[in-house]
2 protein chains.
Amino acid sequence: MASSSSFSNSPCAACKFLRRKCLPGCIFAPYFPPEEPQKFANVHKIFGASNVSKLLNEIQPHQREDAVNSLAYEAEARLKDPVYGCVGAISVLQRQVLRLQKELDATNADIMKYATNTFPGNNSGVRAAGSSFGQIYEYDQYPPPSWNNSFSSSSAGHPYDTAGDNNT
Amino acid sequence: MASSSSFSNSPCAACKFLRRKCLPGCIFAPYFPPEEPQKFANVHKIFGASNVSKLLNEIQPHQREDAVNSLAYEAEARLKDPVYGCVGAISVLQRQVLRLQKELDATNADIMKYATNTFPGNNSGVRAAGSSFGQIYEYDQYPPPSWNNSFSSSSAGHPYDTAGDNNT
């Protein structure tokens, strides 16, 4: 829940960090309470206070808490992994979804085989094979197709390329 | 692949945007070619040129291309969705992984049943039930447990809460 620090005597974490007076109506105060100084420090280091302030002013007040929390999540991920940030997580998850769908497809093929052997001509007791198809995640693919080539040609490779993908 | 625009006559997209001379050794030039002006504009709007420059200087040269591309991906996602940015994608993918694992678990339970009926006392032809377990995605959960409560209490709700999750 948004903090009410703007109405208390303590300046919010943002104003304390920026060494300025925390006035009533401070755009940061509800989302950067003084007891969480690292949250603002991270967001400031990655996005900059000015960019965050602009972004908050461009969205509805009821959306600001979620926006700050997602920015804080992104900032922390970028500080932990300066090269990939939270985009590394998207890459791992996309591979995991593809692997699971492949595994489910194979398992469904097996079950069709067993069902046909057990009840020839009757598949009524079988889960719909491929029932997960058509629900493939449609968010922008990472890496985007437009820079797949440059991405894969990097000598560094992607640190997540093989993560969680040992049995495929 | 990184552009060689720093050695051409055209200033890179960053220097053109910032209206400064693109000198040899420009930190941006290899990754922001003049023919992709929007890439720098997006990254500049979300992260700021100074923060990007600092980040690039803190990592190894061979990592910079991937870093720029992941920053560009994050920036584009934040411009499309100012509240959740690419963190929304992480949330959708995490739900999709959980749904697929649940479906695979149920399908594996079915196949065990059929295998037992077909070959009593012999499961050798059956895929290992739950073979995907133990590989659950271990990246930081989104939303982090520490702000689950505030996140779910938001009146706005999460735009991805039900996306791709219609059959669970």
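The buried residues in question are Lys39(B), Phe40(B), Ala41(B), Asn42(B), Val43(B), Ile46(B) and Phe47(B). An α-helix has 3.6 residues a turn, so residues three or four places apart point the same way.

Just after α2(B) comes Gly48(B), which takes a positive phi of about 90°.

## Overall composition of chain A

Chain A contains six helices and zero strands. Read from the N terminus, its elements follow the order α-α-α-α-α-α. Of the 168 residues in chain A, 51% are buried. Among contacts in chain A with a separation of 6 or more, 55% are made by residues 24 or more positions apart.

The UniProt record, an unreviewed entry, places the feature "domain: LOB" at residues 10-111 of chain A.

## The nonpolar cores

In soluble globular proteins, nonpolar side chains tend to be buried together. Which residues have the most contacts inside the largest nonpolar core? They are Phe28(A), Phe47(A) and Leu56(A), with Phe28(B), Phe47(B) and Leu56(B), in a core of 54 residues. In chain A, the elements that give two or more residues to this core are α1 (13-18), α2 (37-46), α3 (49-58) and α4 (64-80); in chain B they are α1 (13-18), α2 (37-47), α3 (49-58) and α4 (64-80). Another core, of 20 residues, lies apart from it and includes Ala89(A), Leu100(A), Val87(B) and Ile90(B).

Not counting residues up to four places away in sequence, Leu56(A) touches Ile27(A), Phe28(A), Tyr31(A), Arg64(A), Ala67(A) and Val68(A).

## Aromatic rings

Over all chains, a search of the whole structure finds nine aromatic pairs. One of them joins Phe17(A) and Phe40(A) in an edge-to-face arrangement, with 5.5 Å from centre to centre and 70° between the planes. This pair links distant parts of the chain, for Phe17(A) belongs to helix α1 of chain A and Phe40(A) to helix α2 of chain A, 23 residues apart. Are the two partners buried or exposed? Phe40(A) has a relative accessible area of 0% and is therefore buried. Phe17(A) has 41% relative accessibility, so it counts as partly exposed.

In chain B, Phe28(B) and Phe32(B) also form an edge-to-face pair, at 6.0 Å centre to centre and 65° between the planes. Both Phe28(B) and Phe32(B) are buried. In chain A, one aromatic cluster is formed by Phe17(A), Phe28(A), Phe32(A) and Phe40(A). The charged end of Lys39(A) sits over the ring of Phe32(A), 5.6 Å from the centre of that ring.

## The segment before helix α1

Pro11(A) is found in the segment before α1 of chain A. Because its relative accessibility is 31%, Pro11(A) counts as partly exposed. Leaving aside neighbours within four places in sequence, Pro11(A) is in contact with Lys16(A), Cys22(A) and Pro34(A). The C-alpha atoms of Pro11(A) and Tyr114(A) are separated by 67 Å, and the two residues are 103 residues apart along the chain.

## Confidence in the model

The model scores ipTM 0.72 and pTM 0.72. For chain A the mean pLDDT is 77, and 65% of the residues reach 70 or more. Among the elements of chain A, α2(A) has the highest mean pLDDT (98), whereas helix α6 (residues 148-152) has the lowest (33).

Two stretches of chain A call for caution. Over residues 3-7 of chain A the pLDDT is below 50, and this stretch has nine contacts in the model beyond near neighbours in sequence. Over residues 144-168 of chain A the pLDDT is also below 50, with 42 contacts in the model beyond near neighbours in sequence. Where pLDDT is low, the predicted coordinates should not be read in detail.

Definitions and conventions:
Residues numbered from 1 in each chain as written. Chains lettered and ligands numbered in written order. Predicted model: local features only at pLDDT ≥ 70, side-chain atom pairs only at ≥ 80, totals over all residues. Heavy atoms only, no water. UniProt positions renumbered as here; feature names shortened; annotations may be inferred. Core = buried A, V, L, I, M, F, W, Y, C linked by side-chain atoms within 4.5 Å. Buried < 20%, exposed > 50% of the residue type's maximum accessible area, 1.4 Å probe, protein only. Helix = DSSP H or I, 4+ residues; strand = E, 2+ residues; numbered from the N terminus. Contact = heavy atoms within 4.5 Å. pLDDT = per-residue confidence, 0-100. Phe/Tyr/Trp six-rings, centres within 6.5 Å; stacked < 30°, edge-to-face > 60°. Lys NZ or Arg CZ within 6 Å of the ring centre and 35° of its normal.
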